[in-house]
Amino acid sequence: MVAPRNDDYYLLATRNAEFLLSELRPNGKLKHSWRGGKTTNEVFLEDYAALILGLLELYQTDFKDKWFASAKELADEMIELFEDPNGGFFDTSKDGEQLLLRPKDVQDNATPSGNALACEALLKLAEFTGEGKYRDLAEKALRLVVGMATRYPTAFGRWLSAADMAAGNVKQVAVVYARTEPGRSIAGGEDASELLRVVRSQYRPNLIVAASAYPPPEDAPALLKDRPLKNGKPTVYVCEGFVCKNPVTAISELKELL
């Protein structure tokens with residue numbers, strides 16, 4: 001198993017994720033806030049989008065498939081509840097309180113707009129899953145703000161980050177290692193951790209990483225599918241658009257690809 005140290009930040013992150021996915025999602029429906037065991041009825045676009053991004057980051061920390069599966073499920077719910085057929089997303093849910101006009105804020109203020117967060121989340125999911133619908137929706141949202149963002153860039157900071165991801169070559173990194181029997185030492189586990197440390201050794205904003213024992217489970221990101229081990233060793237595939245370079249097992253080889 002490849003996992004981070006059990007430091008305070010990681011423990012707090014996992015505890016928060018468990019709380020949000022249970023207490024703030026009664027009956028499988030995400031809510032905006034919680035107090036004393038009770039939730040409010042409303043939920044907003046930014047609630048979904050921010051949680052999806054947080055879960056994707058948590059997945060890339062400990063590679064537990066439940067975080068990725070929850071992020072994808074929430075993304076599909078977000079699309080169903082908030083999508084504007086003309087592009088982007090409304091701030092309020094279609095099954096929420098009926099308003100004369102559903103708001104749709106696209107400008108980043110003290111906090112990023114829900115639309116910018118949703119765009120970024122969908123771009124990242126497209127890289128993990130290879131599903132074109134996520135990227136199509138993200139690009140459709142980006143087209144709404146390209147003119148304004150060019151004229152007033154300081155008001156569209158998070159959008160510009162998403163645009164950089166959409167325009168650049170995102171590196172997809174898939175790490176696979178041998179599955180072992182319960183109760184036995186994890187052969188190659190430390191080697192896989194060393195490979196991941198190389199991936200994480202520098203700030204690489206346009207990079208996503210997935211890892212799993214081989215073969216990966218059904219709910220793992222599609223990026224891990226059909227990525228066999230090389231000579232039985234922990235193996236890394238560095239890809240762009242699901243087209244991969246030759247798999248590598250050595251740290252020196254990985255550094256060249258990154």
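Trainee: Where in the chain is confidence lowest, and where is it highest, going by helices?
Mentor: The lowest is helix α7 (residues 189-199), with a mean of 86, and the highest is helix α4 (residues 114-129), at 98. That confidence is pLDDT, the predictor's own score for each residue, from 0 to 100. Helices here are DSSP runs of H or I with at least four residues, strands are runs of E with at least two, and both are numbered from the N terminus.

Trainee: What's the mean pLDDT of the chain?
Mentor: The mean is 91, and 92% of the residues reach 70 or more.

Trainee: And where does pLDDT stay under 50?
Mentor: Over residues 181-188. The model has six contacts for that stretch beyond four places in sequence, a contact being heavy atoms within 4.5 Å. Where pLDDT is low, the predicted coordinates should not be read in detail.

Trainee: Back to α4. How many of its residues are buried?
Mentor: 16 of its 16. Buried means under 20% relative accessible area, exposed means over 50%, and partly exposed is in between, using a 1.4 Å probe and protein chains only.

Trainee: What span should α4 have?
Mentor: At 1.5 Å a residue, its 16 residues should span 22 Å, and the end C-alpha atoms are 22 Å apart, so the two agree. The expected span is 1.5 Å times one less than the number of residues.

Trainee: What about α2, is it covered or open?
Mentor: Mostly covered, with 13 of its 18 residues buried.

Trainee: Which residue just after α2 has a positive phi?
Mentor: Phe63, at about 60 degrees. Most residues other than glycine have a negative phi, and most peptide bonds are trans. Phe63 sits in the loop between α2 and α3 (65-82), and at 8% relative accessibility it counts as buried.

Trainee: Which other residue has a positive phi although it is not a glycine?
Mentor: Phe242, at about 65 degrees. Phe242 lies in the loop between β5 and β6 (243-244), and at 27% relative accessibility it is partly exposed.

Trainee: Where's a cis peptide bond?
Mentor: From Tyr214 to Pro215, where omega is near 0 degrees. Pro215 is in the loop between β4 and β5.

Trainee: What does β4 pair with?
Mentor: Strand β3 (residues 171-178) pairs with β4 in the parallel sense, over eight bridges. Two strands count as paired if DSSP finds at least two bridges between them. Ser212 in β4 is the bridge partner of Val176. Seven of the eight residues of β4 are buried, so the strand is largely enclosed by the rest of the structure.

Trainee: New topic: which residues have the most contacts inside the largest nonpolar core?
Mentor: Ile52, Met78 and Trp159, in a core of 73 residues. A nonpolar core is a set of buried Ala, Val, Leu, Ile, Met, Phe, Trp, Tyr and Cys residues joined through side-chain atoms within 4.5 Å. Beyond four places in sequence, the contacts of Met78 include Ile52, Phe89 and Leu122.

Trainee: Last one: which cysteines does a disulfide join?
Mentor: Cys239 and Cys244, with 2.0 Å from S to S. A disulfide here is a pair of cysteine sulfur atoms within 2.5 Å, and by this rule the count is one. The link of Cys239 and Cys244 is right-handed, with 85 degrees about the S-S bond.

Trainee: Are those two buried or exposed?
Mentor: Cys239 is buried, at 1% relative accessible area, whereas Cys244 is partly exposed, at 27%.

How values were computed:
Residues numbered from 1 in each chain as written. Predicted model: local features only at pLDDT ≥ 70, side-chain atom pairs only at ≥ 80, totals over all residues. Heavy atoms only, no water.
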